[in-house]
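Look over the sequence and the model first, then read on.

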Amino acid sequence: MSGEGEILKRNGFGFKKKFGQNFLSDQNLLRAIAEDAGVEKTTTVLEIGAGAGALTRILAGCARRVVAYEIDPDLKPVLAETLRGCENAEVVFRDFMREDLPALEKELKEYVVVANLPYYITTPVVLRFLEEAALCRGITVMVQEEVAARFSAREGTPEYGAITAAIALRGTCEITRKVPRTLFYPRPNVDSAVVRIRFTGGVAVQSEKMYRAVVRAAFSSRRKTLENNLMTAFLWDRAAAHALLEEAGFPANVRGETLSPAMFARLADLISARS
Ligand code: SAM
């Protein structure tokens with residue numbers, strides 16, 4: 001059993017499914033995650049979901065500062081032990097989903113996010129940063145393998161979706177490593193992967209709001225053509241939707257999921273120019 005494992009046991013800690021508590025202890029993997037995230041001596045890290053602090057401690061060893069959120073107050077005594085001596089790490093015992101991100105950013109300045117989160121909140125957390133963050137330079141997050149495939153999918157594949165296009169607006173995404181379920185305790189029912197989203201090199205568009213509206217429309221009903229989805233979303237008649245697709249150079253029967261993020265941006269710019 002790892003150091004954290006013993007400390008958890010000694011503190012009578014009971015793992016809570018509702019908080020998605022599947023912890024890591026493999027030191028090589030934890031170090032590799034910090035490396036994947038590009039954490040250096042000058043980096044401020046925002047960690048979400050400290051757990052028993054195994055990743056927090058590694059991050060504290062490579063970063064300038066680590067601010068870690070943890071929702072479960074039962075982990076207070078555990079983290080007090082596991083993070084002893086990590087002067088540059090602080091734990092905030094609150095639900096990250098309820099935090100005021102702009103206020104937090106004022107305090108952090110430039111930062112990267114590193115997280116091994118419960119799977120049910122991974123996508124909402126990532127979306128939050130994509131849509132609201134101004135000073136975030138990147139997110140390195142453990143996700144279910146299927147979710148990793150969705151984050152980094154190419155257009156025209158079944159995995160490609162609104163989240164892929166939302167990431168492409170901000171930057172680029174790569175799967176940095178696969179993580180088998182055997183490396184977690186308790187062991188989950190799925191395998192995982194670490195993905196790194198860099199907040200640089202996103203598609204250029206005049207209005208992010210319009211890009212998001214186009215993407216939402218495109219994926220609102222995968223069984224329908226883009227023309228039909230645009231008609232519903234923007235309350236247009238067929239002639240208007242048809243004219244737009246023609247101007248963009250797309251066939252009338254094109255489906256949203258075959259368009260690249262750059263093509264969504266082109267459509268968004270054409271709509272912006274008309275309104
Ligand atoms: N980082 C640790 C590790 O890798 O071993 C723990 C990972 S565990 C999958 C996720 C952690 O996130 C749990 O400790 C859980 O209590 C915490 N958590 C769940 N929801 C949260 C939220 N909304 N805000 C902050 N922490 C949360």
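Is valine 214 buried or exposed? Valine 214 has 0% relative accessibility, so it counts as buried. Buried means under 20% relative accessible area, exposed means over 50%, and partly exposed lies in between, with a 1.4 Å probe and protein chains only.

This is a predicted model, where local features need pLDDT of at least 70, side-chain atom pairs count only at pLDDT 80 or more, and totals for chains, interfaces and linings use all residues. Residues are numbered from 1 along each chain as its sequence is written, and side-chain values use heavy atoms, with hydrogens and water left out.

**The chain**

The chain holds twelve helices and nine strands. Helices (H or I, at least four residues) and strands (E, at least two) are DSSP runs, numbered from the N terminus. The C-alpha trace spans about 70 × 40 × 30 Å along its principal axes. Of the 275 residues, 51% are buried. The accessible surface of the chain is about 13100 Å², and carbon and sulfur atoms account for 51% of it. Such areas come from the Shrake-Rupley method with a 1.4 Å probe; for residues, only the protein chains shown count as cover.

**Around valine 214**

Valine 214 lies in helix α9. Leaving out residues up to four places away in sequence, it touches Phe234, Phe264, Leu267, Ala268 and Ile271. Contact means heavy atoms within 4.5 Å. Leucine 230 is 16 residues from valine 214 along the chain, and their C-alpha atoms are 7.6 Å apart.

Leucine 230 is one of the buried residues of helix α10 (residues 226-234). Just after α10, leucine 235 takes a positive phi of about 55 degrees.

**The ligand**

| Residue | Protein atom | Ligand atom | Distance |
|---|---|---|---|
| Glutamine 21 | side-chain N or O | oxygen | 3.0 Å |
| Glutamate 70 | side-chain N or O | oxygen | 2.6 Å |
| Phenylalanine 96 | backbone N or O | nitrogen | 3.0 Å |

Taken alone, the ligand exposes 600 Å², and the protein buries 98% of that.

Notes: Polar contact = N/O pair within 3.5 Å; in protein donor to acceptor, adjacent residues only side chain to side chain.
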